[in-house]
Amino acid sequence: MIYELTIGGEAVQGEDFFSVTNPATEQAFAEAPRASRHDLDRAIIAAQESSADWARRPDRRERLLECSKRLKGQAVKLAKLLTQEQGKPCREALEEILGAVRVLRHWAERPLPEEQVQTADGVRAFVQRRPVGVVAAITPWNYPVILAIWKIAPALLAGNTVILKPSPYTPLTTLEIGALFREVLPPGVLSVLSGGNEIGEALVSHPAVRKVSVTGSISTGKAVARSAAEELKRVTLELGGNDAAIVLEDADPARIAPEIFWGAFKNCGQVCLAIKRLYVQARIYPALLKELKHIAENARLGDGLDTKTDIGPLNNANQIKRISSLVDDARERGAHIITGGKRRDGSGYFFPPTLVTGIDERALLVQEEQFGPALPIMQFNDAREAISKANGTDFGLGGSVWSANLARAREIAAQLECGTVWVNQHGTTHPEVPFGGTKWSGLGYENGLRGLDSYTEFRAVYVPNA
Ligand code: NAD
């Protein structure tokens, strides 16, 4: 199978390549093209040349709808490829792709709001929407498909042209989606360039790019913000999280345990909005721990292509090193490893779901984003203590509160310093609800009207009253 870049509506074979590894086997199974500076320049020219026509086209919605249909038609085939490069169980891969199908349809059908201001003192103005221009969309390796579509769909609807760069760990499904959409979108409207961080850096710092939307780590976000500042590019940054879940003593341990467990361990914990710290009120702590341990010990770890697998491997060698070192640090500080705790022998980046108790709040597993299958579980007596610890980091992506008393849960939710709070659930998103992080977890929003507006410039036109 040959994977190709998409530039100016054409398939472009790379001059250089890099290997893509299947994390379940540690074997390189495909080669992806490494886009060059010349490829980038061509993609930029194509994006600029198609901008004016695309912004005027009356059929942008129809094209998005057609992209949605084509993606749906290839969903099963692409899910298998996504599992091979990313590691997640095939049904999660399919869920991700079908989620992207729905997001494309959502934007294809969403009206663009029109705004008119008429004030009591006689001012009348129309607020017109215009595209920003060429958009750089940069994605990570944990959800390469849905996170790309979160950017592409509203950006294209708003009339922008897009250059998409996936992570070097998971470029293949994105390249295939580029090939699929090539048949639907006019040349230059969407280009896909795979490669390492260097092509990402070159793309975001290119003077012709007017808006940069990055999902990735906090350090990448800061580097992009610095580079974008030079030319005052618009930026949306969706970065790391360290979500706390706070469980009150009136919650039912048996009922909530599966949702909490999968809120932490879905996609092997490699989810920006996974539960990464669990605070449990003392009275139900033993019962909840017992339930979680039972689920962890019965979850099937394996190759995502095996339909019986519940948890796949970590995505790459760095991730397995990182998780191992965070768990070792906790252990050295006197924490108890209730289950899991070390890499599985043999090939593949497999690390079993790991529950850690009795952990020092200053341990790296509590303070940093683990982005993997190791969950620190802490006890508290007073909810104020849990809220203060949940808020006591530089992260601010999400959080959740679990209680039988919804009013009490909402009261606590209102005190959490993060972009999303869930009550008796963790991780739900919807294309109509804004998603973004506070503090170091991000800048700006995706989804919803605020997401759409981030791909829009506004022009106020004052007119006299009729
Ligand atoms: P990463 O920051 O290493 O890479 C993300 C992407 O940025 C890749 O495509 C990479 O090639 C590119 N990149 C790296 N340096 C760059 C630079 N200087 N300029 C331009 N592009 C650059 O992140 P990752 O390891 O792929 O993903 C994991 C991180 O992403 C975690 O921290 C996770 O929490 C975060 N994440 C956040 C969200 C969210 O919506 N907030 C969603 C998913 C993942």
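**View 1. Confidence of the predicted chain.** The mean pLDDT (the predictor's confidence in each residue, from 0 to 100) of the chain is 97, and 100% of its residues reach 70 or more. Confidence is lowest in β5, at a mean of 94, and highest in strand β8 (residues 161–165), at 99. Strands (E, at least two residues) and helices (H or I, at least four) are DSSP runs, numbered from the N terminus. This is a predicted model, in which local features need pLDDT of at least 70 and side-chain atom pairs count only at pLDDT 80 or more, while totals for chains, interfaces and linings use all residues. Residues are numbered from 1 along each chain as its sequence is written, and side-chain values use heavy atoms, with hydrogens and water left out.

**View 2. An open sheet of 3 strands.** The strand order is β5-β6-β20, with antiparallel pairing; two strands pair if DSSP finds at least two bridges between them. β5 (115–118) and β20 (456–463) each have a single partner strand, so one side of each is left without a neighbour in the sheet. From one strand to the next, the twist averages 25°.

**View 3. The pairing of β5 with β6.** Strand β6 (residues 124–131) is joined to β5 over 4 bridges in the antiparallel sense. Val 117 stands opposite Ala 125 in β6.

**View 4. Helices α4 and α5.** The axes (lines fitted to C-alpha atoms over the stretch in contact, with angles from 0 to 180 degrees between N-to-C directions) of α4 (residues 90–109) and α5 (residues 144–157) come within 9 Å and cross at roughly 10°. The two helices α4 and α5 are therefore roughly parallel to each other, a term for angles under 35 degrees.

Definitions and conventions:
Parallel < 35°, antiparallel > 145°, perpendicular 65-115°, else oblique.
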